[in-house]
Amino acid sequence: MKILKWNNDIDQKELKLVNDALVNGGLVIFPTETVYGLGALATDCEAVKKIFIAKGRAQDNPLIVHLSSCEEIEKYAYIDNQIEKKLIDAFMPGPFTLILRKKDNIPSVVSANLDTVGIRIPSNKIAHEILSYNCIPVAAPSANASGKPSGTNVDDIILEFEDKVDYIIDGSSTDIGLESTVVKVIDGVPVILRPGFITKEDILEVIGKVKLSDHLFTKVENGPVESPGMKYKHYAPNTLSELIYIKNTDERIKYFKENSNCNMVIIGSSILSYIKCKKFLYYGDTLEEISHNIFKLLREADKYKPDKILIEGVDKTGLGLAIMNRLIRATGYNYIER
Ligand code: TXA
Ligand code: MG
């Protein structure tokens, strides 16, 4: 495994090495504007199988295919209606994944035997350069062992993938920090299967209608789901954790004061910074900061070996919806919201 540090100037020789690795069935970890991806050539079944092994990922959980531009979409998927077209025009390239009816060149190992495929066109420069080099389709889940928080920086990623990939491209910590918004148009309505930086409000403004999947905040036990990823444990620290969102700020501070002790880690905003605990991890005071920092802090919290991690929640509007979706799952649905 080799780490390549890429900033604004991308060395063309290194870019070729990375392309060679992908075209020859290798695995490459690369940054996007959301989180790092663990990529393989999407049309190479054997290479794609290596992704599932490296992550320990369930075979029935499909992968997103990353492309260099909107012009590439119809090589791999059908755009069936005007709503899909409008969503593509409005939000791609960007932190947005659209589930479309797949064409036959997308192997069933990528789509986990579904007849659809998630298509994403990252706006991140490094991702774009890799995908543009000979216009390759790259299947890539988030770069993290299955069940763990998504990788947003190379230090966290190395620990999990050191011996499992050909290259890790270090493009610093990712901007947004939470994975893309996943949307599928069902019966003419865009349905959010996973909330992200492109919000419900953004989609409503463009399309005039939007729905949230029923499973964003509830545990899926059995039965059909629109997105297989919803069934699995995700984003979880190793330590028992609890998410607390109490709308009234004074009451929220009071709850933390009464429930924290010197064996606990608190992850939260500046209003909680003086509360007695083993370690306070500041996640920011805006939704953008929280989104950027949260996965790194969920991993960091474990390092203090606390008895418990208490996490401050946010209001579920705008980007807050995506943050709460990840945190509720990270805590294994152990949360208070009032
Ligand atoms: O921001 C992102 O989306 C990152 C970067 C690397 O692009 N990727 C990512 O991939 O988060 P992954 O595999 O960790 O999450 C993809 C989610 C999973 O929950 C999966 O079940 C769902 O999208 N998904 C993929 N293909 C699908 C399909 N055809 N139908 C329904 N859900 C799908
Ligand atoms: Mg993931």
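Residues are numbered from 1 along each chain as written, and chains are lettered from A and ligands numbered from 1 in the order of writing. In this predicted model, local features need pLDDT of at least 70 and side-chain atom pairs count only at pLDDT 80 or more, while totals for chains, interfaces and linings use all residues; side-chain values use heavy atoms, without hydrogens and water.

Ligand 1 has 25 residues around it. A residue counts as near when one of its heavy atoms lies within 4 Å. Thr34, Asn61, His66, Ser180 and Gly229 come nearest. By class, the shell holds 10 nonpolar, 10 polar and 5 charged residues. Here Ala, Val, Leu, Ile, Met, Phe, Trp, Tyr, Cys and Pro are nonpolar, Asp, Glu, Lys and Arg are charged, and the others, Gly among them, are polar. Strands S4 (64-66) and S7 (116-120) each supply at least two shell residues. The largest share, 4 residues, comes from S7. Strands (E, at least two residues) and helices (H or I, at least four) are DSSP runs numbered from the N terminus.

Polar contacts with the ligand are pairs of N or O atoms within 3.5 Å. A polar side-chain atom of Arg194 lies 2.8 Å from an oxygen atom of ligand 1. For Ser227, a polar side-chain atom lies 2.9 Å from a nitrogen atom of the ligand. Gly229 uses a backbone N or O atom, 2.8 Å from a ligand oxygen atom. The protein covers 96% of the 690 Å² of accessible area that ligand 1 has on its own (Shrake-Rupley method, 1.4 Å probe).

Five strands form an open, parallel sheet in the order S15-S14-S16-S13-S17. Strands pair if DSSP finds at least two bridges between them. S15 (279-282) and S17 (335-337) stand at the edges with a single partner each, so one side of each lacks a neighbour in the sheet. The twist averages 15 degrees from one strand to the next. Angles run from 0 to 180 degrees between N-to-C directions, with axes fitted to C-alpha atoms, for helices over the stretch in contact. S13 (241-245) and S17 run parallel, joined by 3 bridges. Leu243 stands opposite Tyr335 in S17. Helix H11 (320-330) packs on the sheet and touches S13, S16 (308-312) and S17; contact means heavy atoms within 4.5 Å. The direction of H11 makes about 145 degrees with that of S13.

Most residues other than glycine have a negative phi, and most peptide bonds are trans. The Met92 to Pro93 bond is cis, with omega near 0 degrees. Asn134 has a positive phi of about 60 degrees.

Methods: A polar contact is a pair of N or O atoms within 3.5 Å; within protein, one must be able to donate a hydrogen and the other to accept it, and residues adjacent in sequence count only if both atoms are side-chain atoms.
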